[in-house]
Amino acid sequence: MDTVNIQLDKVKLRRTLLKKRQLMSVEEWREKSDRICTQIQTFIFYSDAKTILAYFSFRQEPDLSLLFADTKYQWGFPRCVGNSLSWYVWQSGDSLQINSYGISEPHPDAPTIDPSEVDLILVPSIACDRQGYRLGYGGGYYDRLLSSPEWANKPTVGIVFDFAYLQRIPIAPWDKPLKIVVSETGLTGKD
């Protein structure tokens, strides 16, 4: 399949799944998000980690904020800088800013996180498939990040609701599979 068709398929799939996510009641969203947090807490890489990169929920993405109160971990969150993600330390109570996409970000004066410090990356995803491929919002931020040598071997966890954990999603040559996918019903590793 050529790249144009793959991109069109991604656009359609993205639209369908975002709509389905927005239609969830707040109660269902909260309950499934909490179950995802519980799944993550049972994950060996999670309990062994010291520095974890995460995200602030946007447009009814699974909300991981229950995890962020755990001060055993150093939490890192992204800021969009040009067409890249830069990572900053954030802890409960620190100020946040809203970027041009409407996403919460740490303050630019917060301490930055070097890739060498990072033990685990929790990756926001619209969908993931059984091979570990991820459908994002289409900006390529995480694809660029995970393609760079200093990030390429970090354990990555795609976070999705179960309805968005699909058999197969359209992939382009630059897409990088994630190591693990977590939904509210479980956790699956890629072979």
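Which ring does the charged end of Arg30 sit over?

**About the views.** This is a predicted model, in which local features need pLDDT of at least 70 and side-chain atom pairs count only at pLDDT 80 or more, while totals for chains, interfaces and linings use all residues. Residues are numbered from 1 along each chain as its sequence is written, and side-chain values use heavy atoms, with hydrogens and water left out.

**View 1. Two arginines meet two rings.** The charged end of Arg30 sits over the ring of Trp29, 5.2 Å from the ring centre. In a second case, Arg130 lies over the face of Tyr165, at 3.9 Å from the ring centre. Here a charge sits over a ring if NZ of Lys or CZ of Arg is within 6 Å of the ring centre and within 35 degrees of the ring normal.

**View 2. Glu61, a residue with a database note.** UniProt lists Glu61 for "binding site" in an unreviewed entry. UniProt positions are given in the numbering used here, feature names are shortened, and annotations may be inferred rather than shown by experiment. Glu61 lies in the loop between β1 (51–53) and α4 (65–68). Helices (H or I, at least four residues) and strands (E, at least two) are DSSP runs, numbered from the N terminus. Is Glu61 buried or exposed? Glu61 is buried, with a relative accessible area of 4%. Buried means under 20% relative accessible area, exposed over 50%, and partly exposed in between (1.4 Å probe, protein chains only). Leaving aside neighbours within four places in sequence, the contacts of Glu61 include Arg21, Trp29, Tyr55, Phe56 and Tyr137; contact means heavy atoms within 4.5 Å.

**View 3. Two residues with positive phi.** Most residues other than glycine have a negative phi. Arg59 has a positive phi, near 50°, and is found in the loop between β1 and α4. At 38% relative accessibility, Arg59 counts as partly exposed. Gln60 has a positive phi of about 60° although it is not a glycine, and its place is also in the loop between β1 and α4. With 17% relative accessibility, Gln60 counts as buried.

**View 4. Aromatic rings in pairs.** The structure holds 16 aromatic pairs. In one of them, the rings of Phe56 and Phe77 have their centres 4.0 Å apart and their planes at 10°, so the pair is stacked. This pair links distant parts of the chain, 21 residues apart: Phe56 is in the loop between β1 and α4, and Phe77 is in strand β2 (residues 74–81). Phe56 counts as buried at 12% relative accessibility, and Phe77 counts as buried at 0%. Trp87 and Trp151 form a tilted pair, 6.5 Å centre to centre with 50° between the planes. Here the link spans 64 residues, from Trp87 in strand β3 (residues 84–89) to Trp151 in the loop between α5 (141–147) and β9 (156–159). Both Trp87 and Trp151 are buried. Rings of Phe, Tyr and Trp (its six-membered ring) pair if their centres lie within 6.5 Å; planes under 30 degrees apart count as stacked, over 60 as edge-to-face and the rest as tilted. Ring pairs also link Tyr46, Phe56, Phe68, Tyr73, Trp75, Phe77 and Trp90 into a cluster.

**View 5. Strand β6 and its sheet.** Seven strands form an open sheet in the order β3-β2-β1-β6-β9-β11-β12, with mixed pairing. The edge strands are β3 and β12 (186–189), and each pairs on one side only. Two strands pair if DSSP finds at least two bridges between them. Why is β6 (residues 120–124) described as largely enclosed by the rest of the structure? Five of the five residues of β6 are buried, so the strand is largely enclosed. Leu120, Leu122 and Pro124 are buried on one side, and Ile121 and Val123 on the other. β1 and β6 pair in the parallel sense over two bridges, with Ile52 opposite Leu120. β6 and β9 are also parallel, over four bridges; Val123 has Gly158 in β9 as its bridge partner, and Ile121 has Thr156.

**View 6. A three-strand sheet.** Three strands form an open sheet in the order β8-β7-β10, and the pairing is mixed. β8 (134–135) and β10 (165–166) stand at the edges, each with a single partner strand, so one side of each is left without a neighbour in the sheet. Two bridges join β7 (residues 127–129) to β8, and these strands run antiparallel.
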